[in-house]
Amino acid sequence: MAYLIHTLTLAVIYIMVALSYALPVGFAGMLNLGHIGLLAVGAYTAAILTTSGISFWLALIAAALATGTVGFFLALPARRIKGDYYALMTLGFTFVMNAVLLNWIKVTQGPFGITGISRPTGFTDPSAFFVLTLVFLGSTAWFVYRVISSPFGKALEAVRDDDLVAESLGKPTGKFRIVSLFVSAVIVGIAGALLAHFIQFINPQVFWLDNVVWILAALVIGGLASFRGAIAGMI
């Protein structure tokens, strides 16, 4: 039973990651290979703060804000760089992020990682933490569904399919891409914080490039621009 709960909790957290990834990749057409780096920002921000004595809930908010800020700056080049060039740029971000985690030993503990990451009060039991992650997943799923069903979501699809036509109709394609990646980054920052506090140990290897491959594979299996497909693909 403990193994089942452990596996289900990880699945729930990574479904949040898949839903966040679907926004820029599936609906905005931005092949972002730096998403695992954003997950690392959220996880490390929350882990560093809570192991320093900060409340989990404050650390969670800080993780979302920090990841959203990094995601915003990662999205800025999307106004001029597109397609494979943007994918390569975000891939570079993943390498840079990994190098920072490995070498900023004073803050990240380098390859040894951060240990002793405590779960929030009232959710220390794996079953209780699983319920907490379900609440966050439900909120995330509802929010993402509302976004993709809104006029903004339809505009994102137009930008993905033909940005020149969208621009000719007066749509600010660059702004749409930036907003989609910012929102995606905030969600993945929360997922990163939940991941760190669930497994209670993180190191740079947890956020290496191979994780990008299977997160992207989940979207491909389920359908790049499919809400239900992102969930099914990650499961």
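**View 1. Helix α1 crossing helix α10.** In this predicted model, helix α1 (residues 2-27) and helix α10 (residues 209-222) have axes that come within 10 Å and cross at roughly 75°. That angle falls between 65 and 115 degrees, so α1 counts as roughly perpendicular to α10. On the α1 side, look for Y14, V17, A18, Y21, A22 and V25; they meet V212, W214, I215, L216 and L219 of α10. The residues of this contact split into 11 nonpolar, no polar and no charged.

**View 2. Helix α2 alongside helix α4.** Here α2 (residues 35-51) packs against helix α4 (residues 83-103) at an angle of about 30°, with the axes 8 Å apart. Angles under 35 degrees count as roughly parallel, so that is how α2 sits relative to α4. From α2, the contact uses I36, G37, L38, A40, V41 and Y44, while α4 brings in F93, T94, M97 and L101. Sort the residues of this contact by type and you get eight nonpolar, two polar and no charged.

**View 3. L39 and the nonpolar core.** The largest nonpolar core has 77 residues. Which residues have the most contacts inside it? They are L19, L39, L194, I202 and F207. Zoom in on L39 and, leaving aside residues up to four places away in sequence, you'll find it touching Y14, V17, V188, A191, G192, L195 and F207. Two of those names, Y14 and V17, also turn up in the contact of α1 with α10.

**View 4. Q109, a loop residue with a positive phi.** Q109 lies in the loop between α5 (105-108) and β1 (114-115). Its phi is near 65°, a positive value in a residue other than glycine. Most residues other than glycine have a negative phi. Is Q109 buried, exposed or partly exposed? With a relative accessible area of 36%, Q109 is partly exposed.

View 5. Averaged over the protein, pLDDT is 87, and 94% of the residues score at least 70.

How values were computed
Residues are numbered from 1 along each chain as its sequence is written. This is a predicted model: local features need pLDDT of at least 70, side-chain atom pairs count only at pLDDT 80 or more; totals for chains, interfaces and linings use all residues. Side-chain values use heavy atoms; hydrogens and water are left out. Axes are lines fitted to C-alpha atoms, for helices over the stretch in contact, and angles run from 0 to 180 degrees between N-to-C directions. Helices (H or I, at least four residues) and strands (E, at least two) are DSSP runs, numbered from the N terminus. Angles under 35 degrees count as roughly parallel, over 145 as roughly antiparallel, 65 to 115 as roughly perpendicular and the rest as oblique. Contact means heavy atoms within 4.5 Å. Ala, Val, Leu, Ile, Met, Phe, Trp, Tyr, Cys and Pro count as nonpolar, Asp, Glu, Lys and Arg as charged, and the others, Gly among them, as polar. pLDDT is the predictor's confidence in each residue, from 0 to 100. A nonpolar core is a set of buried Ala, Val, Leu, Ile, Met, Phe, Trp, Tyr and Cys residues joined through side-chain atoms within 4.5 Å. Buried means under 20% relative accessible area, exposed over 50%, partly exposed in between (1.4 Å probe, protein chains only).
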